Amino acid sequence: MAMKWLRFSFLVLGVLSLCCATSGDSNSIKKMKMQFRVFEEYTQALYQRYPDIRIEGENYLPMPIYRHIASILSIFKLLVIGLVIVGKDPFALFGMQAPGIWEWGQANKIYACMMVFFFSNMIENQLMSTGAFEITLNDVPVWSKLESGQLPSMQQLVQILDNEMKMNVHMNTRPHHHS
């Protein structure tokens with residue numbers, strides 16, 4: 001009886017700690033900081049070169065299907081960790097023999113829970129990361145990482161902005177013909 005109570009206590013403690021760890025998308029906050037580091041570096045360099053330019057940044061959400069898959073994976077992760085901690089064999093419910101990885105997980109509960117947690121978080125982060133880096137000048141797109149697959153170098157970005165600004169100045173100074 002005491003052993004069942006101890007297992008239940010560990011299950012509750014494990015689920016609560018995992019819920020606290022995954023609530024608020026703490027992993028996506030870390031990822032956002034990493035993405036914003038590049039944005040901040042580019043912003044500082046561009047403000048030095050173009051002091052009158054206004055630079056804004058925003059998050060680019062992944063496709064809804066990826067967000068749903070990440071949510072389902074998060075719930076599945078907690079379910080698997082709960083089953084590992086409790087020691088219930090879900091394969092027995094379906095009349096199947098438990099695979100070797102499940103038996104290893106029962107013998108090494110802490111490692112198994114950590115592996116499930118970190119592996120699942122890695123996949124969730126990949127699903128939630130867009131890697132978007134979109135640059136517009138006067139609401140005109142001038143660079144898209146989603147289309148190009150890469151970030152522009154600072155030299156490329158300055159060249160693009162110089163060309164766009166020269167084109168805008170040239171367009172604004174052309175005489176207007178009335179018809």
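Before counting anything: a residue is called buried when its relative accessible area is under 20%, exposed when over 50%, and partly exposed in between. Keep in mind that this is a predicted model.

**Exercise 1.** Work out what share of the chain's residues count as buried, and which elements the chain is built from.

*Solution.* Start with the cut-off: of the 179 residues, 26% count as buried. Next, go through the elements, and you get eight helices and two strands. From the N terminus their order is α-α-α-α-α-α-β-β-α-α.

**Exercise 2.** Find the salt bridge of Arg 49 and say which parts of the chain it ties together.

*Solution.* The partner is Asp 162, with the closest N and O atoms 2.9 Å apart. Arg 49 sits in helix H2 (residues 26-49) and Asp 162 in helix H8 (residues 154-173), so the pair links parts 113 residues apart in sequence. Now check the cover: Arg 49 is partly exposed at 48% relative accessibility, while Asp 162 is buried at 17%.

**Exercise 3.** Do likewise for Glu 124: which residue does it pair with, and is Glu 124 buried or exposed?

*Solution.* Glu 124 forms a salt bridge with Lys 77, the closest N and O atoms being 3.3 Å apart. Glu 124 belongs to helix H6 (residues 109-128) and Lys 77 to helix H3 (residues 64-86), so this pair joins parts 47 residues apart in sequence. Glu 124 is buried, at 12% relative accessible area, and Lys 77 is buried too, at 1%.

Conventions:
Residues are numbered from 1 along each chain as its sequence is written. This is a predicted model: local features need pLDDT of at least 70, side-chain atom pairs count only at pLDDT 80 or more; totals for chains, interfaces and linings use all residues. Side-chain values use heavy atoms; hydrogens and water are left out. Helices (H or I, at least four residues) and strands (E, at least two) are DSSP runs, numbered from the N terminus. Buried means under 20% relative accessible area, exposed over 50%, partly exposed in between (1.4 Å probe, protein chains only). A salt bridge is a side-chain nitrogen of Lys or Arg within 4 Å of a carboxyl oxygen of Asp or Glu.
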